[in-house]
Amino acid sequence: MSYLVLARKYRPQRFGDLVGQEHVARTLTNAIALGRVHHAFLFTGARGIGKTSAARILAKALCCEKGPTADPCGTCAICRSIASGQSVDVLEIDGASNTGVDDVRALREGVRYVPAEARKKIYIIDEVHMLSTSAFNALLKTLEEPPPHVVFIFATTEAHKIPATILSRCQRYDFKLLPTRVLADHLARILGSEKIECEPEAVRLLAREAAGSVRDGLSLLDQVLAYAGSETITRERVAEVLGVADRRLLLGLAEAVLKRDTAAALHALSDAVDRGVDLVQLGRSFLGLLHDFEVVTLVPDASEVLDASPEEIAETKKLAERAPRGLVTALFERWARAVEDAARSQTPRLIIEMALFDLCFAEPLLPLGDLLDRLGKLESRLSAGGPTATAPRPGEPRPRLSVVPPTPPPVVPAAGAKAVKDAPPALPVSARTPETDIASVWRRACEAFGHRPAIAAALDHAEVSSWEGGQIVLVFDQKLALDQAARTRPELERVVSQIVGSPTRIALQLGSAENGKALLRSEVDREAEATAAEQRQRESEARQHPMIRKAQELFGTAPKEIKTQ
Amino acid sequence: MLLRDIAGQEHAVAMLLRAVDSGRLAHACLFEGPESVGKRSAALGLALALCCTEAPGSGCGACDACRRILCGRHPDVLALTPATSQYLVEQAREVVALAATRPHEAPVRMFILDSADCLNPSAANCLLKTLEEPFPGNHLVLVTAAPDRLLPTIRSRTQRIRFLPLGPAALVRIAERHGASPAQAQTAAALSGGQAARLLQALASDAESSLWAVVGNLRKAAAAKGMGPIFDAAAEFADKESRQDLPEVLALLARLYRDALVNAAGAGDLALLRDRAEDLEAIAERARKDCDLATLRNAVREVVQASHALLSNVNPVTALEKMMMDLRTLEAGVA
């Protein structure tokens, strides 16, 4: 009655059968051939990729009547007893059930006795990470210097749980997850020997779902076989059984979204759910498809990057070309958030449906550079229009300007610190009177470009070095900033002319600007100076205070320090 | 319950029946899916199919073996539950020891581990070898609503049988089987979250009309001219007695808007609350005429956000007020 699952039926019996672990097989084979076999091994790696199988093969290789040989015969009495788990000399111990120190002590008792029939006595401890600390420690001495007839093989998925003292006494072999292609080939071979018809696409999908583990792949295959019976295994069938979204379904969904056809998108989703696709899984697969869209548009030869057949890639590409630039990025971001929400929600279907609406309504997300370019073009068109440049900005309500009287010019005309401090808050350029103070001119020019980060950043690197005869010399400390400013010089000149109230040219230079600093100190410097002056003033006031003077007379010494805060 | 009688899990049931039929049933299965959708019933159904003496392959539910399985007295069908909040390693060791022997009388022995995600790490590890290679004739079924909490090594050794949230059609069918009217069935289905137990609970509480009345009042408050009715309604429906109904009320409201949205998008066949077609059409019409579908879609989001807020201990009055203010765009045409 009991059915032997494929993973057990096709358990590798020779090193040559180990798929995807050639590095391990080769090392062990050579070690046996050269007679350099260690007495303690540790096999580690993810689930279902051949650790236990390798341990059994190694046991057979060492004990085979025709050995020790890298290629055990599998037919002698000893090989057969090992394969069926009945050998008295190869003890396979479940480390997770025998975790205690007493189990290890019992094991150590047995180690002393020579093997009954085979050449070696082999202890395979599977899931060894579950041994307790004292159990591990009880093993240490035996593991370091066991009797010559004993070999230990440990297998575990969690090598990090094993004490360093154990690790250092073992030869460690790391098993790797299998690449999808290797796994697909392996599955196809097994299907061949089971004499089952199967589409290559279906095998690929199975291998992808197994995520590198042979046993996972074979479990999934078993599941599909159990469902499909004797029929040919198709991609749709596999998708149906595993509850993953078929690629065609995903493409249909994508097409509906790109056409902004919400009804079609909802129906595609409903179909998928009716076919038993898990919603969150569907969400993740669709996210993967959106990712593929980006990849096929950006990478000329996507077949090296994507895990898909050439036809699938061509199909994806065709659809991706219909999406306007920037749209896919916008879709991806929204969908990614929705999938996360759905995974946590009590009502995943509602979340996913609403996200579909979002996608259908989504506007392309333009790269910032594009937006800046557009804005730049718009501005230059406005400035080319002449008078429009001096007109108030569209957002500014016109009547207000006529009601509010024009701001009076700063009371103190010189470039003093006070004047700057009292300057009125920024107003639209056109609403202000001409400036005569270079510091304010410069500040207002920078403000005028505040909404254009690229230019504003460039101006941050500039110092005003001189202002004479209708020409302002700007000195930049960075080539990059200079270049950026040079590109926008016409605009810069226009804005500055407007602020100054007379045509002004701007010259750009590279280098440090010592005298520029003198001409235009930073706001911080100015504030610091102001505070220092105030401090001095207060100190001298304090010294003049009658009480301080009296104290000075009494103690016959001047105050050492005066705190004004 | 026999496998074939389990509603709304056609896939899982078909998979199990075929596997039994073709003799390709894996010795270790993982039944995964949301709470209360029929996983445990299916596990027992599988036991019936495997152990029944009268109708092997499907189970009869009437023979000696079947009856003993159904009342939990069959020596070869062991339904386990966690001993404490977790499965302890001792329980796992008993399974390991028993699974190394032949079944007593039935052709197979079956272990059903309910809430398998409650296996503590030692217990889970202890089962690994048995899950991979049990003594012939032993089957293990792990039942869980949280497969991600199981060790990857366990998941890789078991064959996954997925159970899905019950779909609207299945839910309505179950409700009608229990004698509900179509309107009641639809409301209960909207409240069930795809779970049979919650569906029956909603039917039993018989609060359909009062819940809809609250929904109507909330909408009316949002549609009123000023803000006054909103504050009044929030105060009334979020007070101590009424607030426990709020999650259901908001679920219905969200479902109402969702169905209207689906209707307006031209996929009316996907709407669940067909008995409220007039309401749906009115909302959809309003969305089409006064604003756009995006507003209706935002309305759903507001309601969902409000129900999340309630779950995360936001003051219910505040949550309701905010929701209704946001709903004004749709209900009262206020931007």
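## Reading the model

Residues are numbered from 1 along each chain as its sequence is written, and chains are lettered from A in the order in which they are written. Because the model is predicted, local features need pLDDT of at least 70 and side-chain atom pairs count only at pLDDT 80 or more, while totals for chains, interfaces and linings use all residues.

## Chain B and its strand β3

Chain B has 15 helices and five strands; helices (H or I, at least four residues) and strands (E, at least two) are DSSP runs, numbered from the N terminus.

Let's look at strand β3 (residues 109-113) of chain B. Five of its five residues are buried, so β3(B) is largely enclosed by the rest of the structure. In a regular strand, side chains alternate between the two faces of the sheet. Here R109(B), F111(B) and L113(B) sit on one side, with M110(B) and I112(B) on the other.

## Partners of β3

Strands count as paired if DSSP finds at least two bridges between them. Strand β2 (residues 77-80) of chain B runs parallel to β3(B), joined by four bridges, and A79(B) is opposite I112(B). Strand β4 (residues 138-144) of chain B is also parallel to β3(B), over five bridges, with H139(B) opposite M110(B).

The path from β3(B) through α5(B) to β4(B) is a right-handed β-α-β crossover: with the strands pointing away from the viewer, the path from the first strand over the helix to the second runs clockwise.

## Two nonpolar cores

A nonpolar core is a set of buried Ala, Val, Leu, Ile, Met, Phe, Trp, Tyr and Cys residues joined through C-beta atoms within 7 Å. The largest has 237 residues, and I153(A), V141(B) and Y257(B) have the most contacts inside it. Helix α12(B) gives the most to this core, with 13 residues. Another core, of 22 residues, lies apart from it and includes L482(A).

## Helix α23 of chain A

L482(A) also belongs to helix α23 (residues 479-487) of chain A, where A481(A), L482(A) and A485(A) are buried.

Methods: Buried ≥ 20, exposed ≤ 12 C-beta atoms within 10 Å, placed from the backbone.
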